[in-house]
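Here is a protein model to read with some care.

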Amino acid sequence: MAWEEWEQLKAEAAGQSSTAMQLNRVPDEQDPGGGPPGGDLKVSQQDLAAVGDSAFKLFDKLGKDGRDAWSVSQSAARDLRTQGFDLGDAIDHVQDRWEKQLKTLLDACAHISNHMDFTQNAHAGDEHYIYGVVSSIATLDEGFTERTQR
């Protein structure tokens, strides 16, 4: 490559773009050439908190009301068996199944509630980390800009 050609390419490159760092990003929704709107999944901290809160409320209500139903059916099954009715054993069988299903549902609600709390805290930590990294890149970029202006 000839020296003149090299100098020409450098001059063209310098005229086309700055030496500042540029990050790729999703185009704005208002940008007509930006493609379909809403390309990224966005969840706010309020959304996560609302899901976790709903799961906790369901856990709490099921825990109270579900166990109340269990104790009533347990009492009814015992009374019917005492009186010699076979229905008491059938109610007892249904009550055992109810208890297993209730425990499964309570575990699922607790898992969802706890996971939303964890996710909310993890995302907050990620945001803090990303902010620190991007801030340090901007500081580094300023150093390069200062060197090119000298």
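The questions that follow set values against definitions.

Q: What should a reader know about the model and its numbering?
A: This is a predicted model, in which local features need pLDDT of at least 70 and side-chain atom pairs count only at pLDDT 80 or more, while totals for chains, interfaces and linings use all residues. Residues are numbered from 1 along each chain as its sequence is written, and side-chain values use heavy atoms, with hydrogens and water left out.

Q: How do you know that the span of helix α2 agrees with its number of residues?
A: Helices are DSSP runs of H or I with at least four residues, numbered from the N terminus. The expected span is 1.5 Å times one less than the number of residues. Helix α2 (residues 45-82) has 38 residues and should therefore span 56 Å; its end C-alpha atoms are 55 Å apart, which agrees.

Q: What makes the contact between Asp 53 and Lys 57 a salt bridge?
A: The term requires a side-chain nitrogen of Lys or Arg within 4 Å of a carboxyl oxygen of Asp or Glu. The closest N and O atoms of Asp 53 and Lys 57 are 3.2 Å apart, so the pair qualifies. Both residues lie in helix α2, four residues apart, about one turn of the helix.

Q: Why is Lys 57 called exposed, and why is Asp 53 called partly exposed?
A: Buried means under 20% relative accessible area, exposed means over 50%, and partly exposed is in between (1.4 Å probe, protein chains only). Lys 57 has 53% relative accessibility, so Lys 57 counts as exposed. Asp 53 has 37%, so Asp 53 counts as partly exposed.

Q: Which residues of α2 are buried?
A: Leu 48, Gly 52, Ala 55, Leu 62, Gly 63, Gly 66, Ser 73 and Ala 77 are buried in α2.

Q: Why is Ile 130 called partly exposed?
A: Ile 130, in helix α3 (residues 87-149), has 46% relative accessibility and therefore counts as partly exposed.

Notes. Helices (H or I, at least four residues) and strands (E, at least two) are DSSP runs, numbered from the N terminus.
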